[in-house]
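Work through the following exercises with the sequence and the model side by side, and try each task before reading its solution.

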Amino acid sequence: MEMKVTHIYHSGFYIELAQCAMLFDYYEGALPPIRTDMPLYVFASHVHQDHFSFSVFTKEELRAHPHVFYILSNDIKRKYNRNFFLRQGVTNEQYERIIFVKTGEEVLVGKGNGPDGQDSSLLCIRTLRSTDAGVAFVVEAGERHIFHAGDLNWWTWEGESEEDARGMECAYKGEIEKLSGERMDLACLPLDGRQGEKFALGFDFFMRHVETAHAYPMHYWDDEAVVDRLLSLPCSEPYRDRIVRGAELLL
């Protein structure tokens with residue numbers, strides 16, 4: 001199954017498969033051409049403004065899509081009730097197409113209506129607990145396995161206590177270890193230069209513990225030099241050739 005990946009901006013990605021398309025954590029940037037002849041699944045990992053925007057409902061090419069569905073983290077629902085959605089221009093029909101997901105949940109979306117009953121537009125979606133807010137997504141679409149971390153990362157900050165640092169390390173490793181033994185065709189992973197010398201801890205741990213064919217750095221805004229920093233680190237040598245550079249990837 002062919003897969004085309006477009007990194008839009010920050011943590012936003014558009015992914016096309018043979019029978020469906022997915023849009024992850026879009027809030028800003030020019031959208032690529034959106035196919036309307038297949039289902040479109042729009043994901044938002046959490047409520048932070050750099051991961052979720054009501055524009056996924058109101059932007060013309062998304063509002064007009066005839067087969068769009070939404071998979072949103074439940075913390076978005078906790079912050080914004082239905083009436084608030086409607087005041088932002090979301091229609092009742094759009095709201096009915098939302099699936100709100102919690103941590104540690106597994107849902108099936110789409111229809112298995114192919115000739116063998118296994119249409120690739122049928123998605124199996126699992127969630128992990130973020131170490132910041134909301135969820136991370138594990139998506140199985142046919143034979144493709146995709147991981148979008150959202151803000152699940154080994155966050156470390158200057159001046160934090162040793163207790164907080166240990167708690168973060170345990171929380172992050174505990175979530176990633178739930179993927180032990182799985183293989184990801186694509187993983188979208190935070191790489192945030194604001195973390196100083198420890199900016200690559202989460203990315204490196206993931207790549208060493210989850211078999212991953214292609215890894216897309218994200219969550220760096222306009223600081224593309226952070227990817228060069230990762231590539232220059234000795235720790236990245238075992239997986240350096242699997243780190244994706246550039247706006248598009250075709251598999």
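The model is a predicted one, in which local features need pLDDT of at least 70 and side-chain atom pairs count only at pLDDT 80 or more, while totals for chains, interfaces and linings use all residues. Residues are numbered from 1 along each chain as its sequence is written, and side-chain values use heavy atoms, with hydrogens and water left out.

**Exercise 1.** Determine how Arg144 and Asp185 are paired, and where each of them lies.

Solution. Begin with the total: there are 14 salt bridges in the structure, each being a side-chain nitrogen of Lys or Arg within 4 Å of a carboxyl oxygen of Asp or Glu.

**Exercise 2.** Describe the salt bridge between Arg208 and Asp204, and classify the accessibility of each partner.

Solution. The closest N and O atoms of Arg208 and Asp204 are 2.9 Å apart. Both residues sit in helix α7 (residues 201-209), with a spacing of 4 residues, about one turn of the helix. Arg208 counts as partly exposed because its relative accessibility is 44%, whereas Asp204, at 15%, counts as buried. Elsewhere, shared partners join the salt bridges of Arg144, Arg183, Asp185 and Glu211 into one network.

**Exercise 3.** Characterise the largest pocket by its volume and its lining.

Solution. The volume is about 230 Å³. A pocket is an open set of points on a 1 Å grid over the protein atoms alone, where a 1.4 Å probe fits, with protein on both sides within 12 Å along at least five of seven lines; lining residues have an atom within 4 Å of a point. Of the 15 lining residues, His7, Tyr220, Glu224, Gly246 and Ala247 are the closest to the centre of the largest pocket. The elements giving two or more residues to this lining are β1 (4-9) and β14 (215-218), and β1 supplies the largest share, 3 residues.

Note on methods: Buried < 20%, exposed > 50% of the residue type's maximum accessible area, 1.4 Å probe, protein only. Points joined across faces, edges and corners; volume = space filled by probe spheres on them. Nonpolar A, V, L, I, M, F, W, Y, C, P; charged D, E, K, R; others polar.
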